[in-house]
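Let's take a walk through this structure together, starting with charged side chains and ending at a pocket. Have the view ready to turn as you read.

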Amino acid sequence: MRVIDAHTHIFPDKIAKKATVATADYFELPEPPNHYGTVQELLDVLWEAGIDYAMVFSAATSAHQVEHINRYIYTETQSHPQFIPCGTLHAEYENYAEELKWLRDHGIYGIKIHPEFQHFVLNDKRLFPMFEEMAAHDMFLISHMGDPRVNVSGPERMIEVAATFPTLRCIGAHLGNWGDWDLQKIAPLAKLPNVYADISSTFSYTDDHETLMAILHAYDPTHLFFGSDYPIWCPKKELHKVLQLGIEENLLEDILFNNFARFYHYKTL
């Protein structure tokens with residue numbers, strides 16, 4: 001069975017542990033991080049787990065980091081063909097049109113944002129010209145979604161983005177509302193035809209799999225992707241957990257590989 005991990009973070013070796021620990025502290029994780037976010041560590045665990053590809057990204061916490069991070073992601077994906085590149089932007093970054101062109105010219109068609117760490121809301125109007133440019137050039141957005149302690153990336157914010165830009169393909173991480181998996185809140189998001197979701201950092205956070213499965217089945221079954229949220233969670237362990245959920249075989253194969261392979265139509269995976 002082929003597998004794509006659609007949600008992994010990588011960092012340069014010298015800052016990887018610091019960045020990962022800071023993330024773990026922010027989210028008050030139930031256990032220490034499984035890994036520390038270096039490229040070699042991810043390569044090793046992908047090989048051990050038998051995972052074919054991983055989409056890699058890192059969100060810019062300030063505007064001046066955007067270009068540096070995008071070039072770092074490009075360099076690593078050039079060196080490691082099992083990596084699928086995803087860039088980043090920031091609400092305060094002004095040179096977005098040129099940067100988006102640079103990304104496309106270098107085979108990068110996705111943008112990752114993390115509103116909590118970037119200190120803006122998901123539907124910040126400063127982002128809308130960027131989203132419009134992305135939609136015009138068939139680029140996609142992936143955003144961290146949800147944090148019950150703040151209200152910067154909940155379903156209602158992604159609903160506004162997806163409805164405003166109906167040709168912008170939007171991936172809501174963590175089934176669309178991390179830490180607040182309320183079907184009534186997520187269902188309106190799941191119904192939108194340009195909204196997708198990954199299952200990263202979901203089944204490891206709660207024993208209430210019935211609730212999570214109900215949310216999973218609220219989405220179009222072709223719009224669901226496997227993701228581990230490496231380095232917080234271990235791709236090998238997360239894959240094992242998903243295989244134990246009892247998901248019907250055809251849907252499982254789609255979640256693990258087929259759906260994202262079709263979604264990412266820029267090259268054959």
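Which side chain meets that of K241 in a salt bridge? The partner is E238, at 3.1 Å from N to O; a salt bridge here is a side-chain nitrogen of Lys or Arg within 4 Å of a carboxyl oxygen of Asp or Glu. Before going on, please note that this is a predicted model, in which local features need pLDDT of at least 70, side-chain atom pairs count only at pLDDT 80 or more, and totals for chains, interfaces and linings use all residues. Residues are numbered from 1 along each chain as its sequence is written, and side-chain values use heavy atoms, with hydrogens and water left out.

Back to our pair. K241 and E238 are three residues apart in helix α10 (residues 235-243), so about one helical turn separates them. Helices (H or I, at least four residues) and strands (E, at least two) are DSSP runs, numbered from the N terminus. E238 is buried, with a relative accessible area of 6%, while K241 is partly exposed at 32%. Buried means under 20% relative accessible area, exposed over 50%, and partly exposed in between, using a 1.4 Å probe and protein chains only.

The structure holds 11 salt bridges. Another one joins D105 and K101 at 2.8 Å, N to O. These two residues both lie in helix α4 (residues 96-105), four residues apart. D105 counts as exposed at 53% relative accessibility, and K101 as partly exposed at 45%.

R169 sits in strand β7 (residues 169-172), and D138 in the loop between α6 (128-136) and β6 (140-143), 31 residues apart. R169 is buried, at 11% relative accessibility, whereas D138 is partly exposed at 30%.

Now for the largest pocket, with about 690 Å³ of space. A pocket is an open set of points on a 1 Å grid over the protein atoms alone, where a 1.4 Å probe fits, with protein on both sides within 12 Å along at least five of seven lines; lining residues have an atom within 4 Å of a point. Grid points are joined across faces, edges and corners, and the volume is the space filled by probe spheres set on them. Of the 30 lining residues, F11, A19, S58, A59 and T61 are closest to the centre. The largest share, seven residues, comes from α1.
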